[in-house]
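User: Could you take a close look at one helix for me and tell me how it sits among its surroundings? I would like one connected account.

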Amino acid sequence: MTQSSLSLHSMAIKTEKFLLNNPFWFLLFLVGLVAFLLLANIAIFPSLTLRGDIALDKIFIGTIAIVAVVERSVELFIAAWRNPQKEVLEQEISLLKNIAHRTEEQEAQLISKQKELLQYITLTKKYALLLSLVFGFMASFTGIRILEPLVNMTTTKPEQIATFYKLDLVLSALGIATGTKLFHGLPALVSDTVTATRGQVNK
């Protein structure tokens, strides 16, 4: 197996792990695509031009800071709301596990409590996702955007600007809702993609 093939294989594995660890990425893409088709009325616009004075490092750091604040706020809210009952279930499970010789009834109780805890954790994750979406859209509506700082809006048509703002609002909200894991994983993914592409070109 050549070096370029190894690079592509490594990139594929990391991409798969990245997507599996960030399932919301699929939702981000699908909702963004649907939002674009609906809000843009499938209009044909010329390409947007990028700004020449972009400070990518400042934009990236600023975005990460905003996402981290939203993520931490969700974590604190969820912890205050859901953790007490979770700790009760964990304590009950621990007590049942510490019984040396459990009866069939106690064994059934243990299994039941473990299933209840798993369902509770799953539901908590769903609540956290919904809350992240709410906070993400709130932040986006107040003017915190991801794409707008990168684009020169003075050279586009008025209707194109309106469509872009709608799309940016949706994508920014979803991007904020995904949390910092998505942004931390992107640089490595981009780096692997570039390395693999160069290997194929030089082959």
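Analyst: Buried here means under 20% relative accessible area, exposed means over 50%, and partly exposed lies in between, with a 1.4 Å probe and protein chains only. Please keep in mind that this is a predicted model, in which local features need pLDDT of at least 70, side-chain atom pairs count only at pLDDT 80 or more, and totals for chains, interfaces and linings use all residues. Residues are numbered from 1 along each chain as its sequence is written, and side-chain values use heavy atoms, leaving out hydrogens and water.

Helices are DSSP runs of H or I with at least four residues, numbered from the N terminus. Helix 4 covers residues 104-141, and its 38 residues should span 56 Å at 1.5 Å a residue; the end C-alpha atoms are 55 Å apart, which agrees. That expected span is 1.5 Å times one less than the number of residues. After the helix comes Gly-143, with a positive phi near 115°.

Now for the packing. Leu-131 and Ala-139 belong to the largest nonpolar core, whose 7 residues also include Val-67, Val-70, Val-74, Ile-78 and Ile-176. Helix 3 (56-97) and helix 4 each supply at least two of its residues, and helix 3 gives the largest share, 4 residues. Such a core is a set of buried Ala, Val, Leu, Ile, Met, Phe, Trp, Tyr and Cys residues joined through side-chain atoms within 4.5 Å. Val-74 touches Ala-128, Leu-131, Ser-132 and Phe-135, leaving aside residues up to four places away in sequence; contact means heavy atoms within 4.5 Å. A second, separate core of 6 residues includes Ile-93, Leu-96, Leu-117 and Tyr-120.

Lys-113 and Glu-92 meet in a salt bridge (2.8 Å, N to O), that is, a side-chain nitrogen of Lys or Arg within 4 Å of a carboxyl oxygen of Asp or Glu. This pair links distant parts of the chain, with Glu-92 in helix 3 and Lys-113 in helix 4, 21 residues apart. Lys-113 also bridges to Glu-116, with the closest N and O atoms 3.8 Å apart; both lie in helix 4, 3 residues apart, about one turn of the helix. Lys-113 is partly exposed at 25% relative accessibility, as is Glu-116 at 33%.
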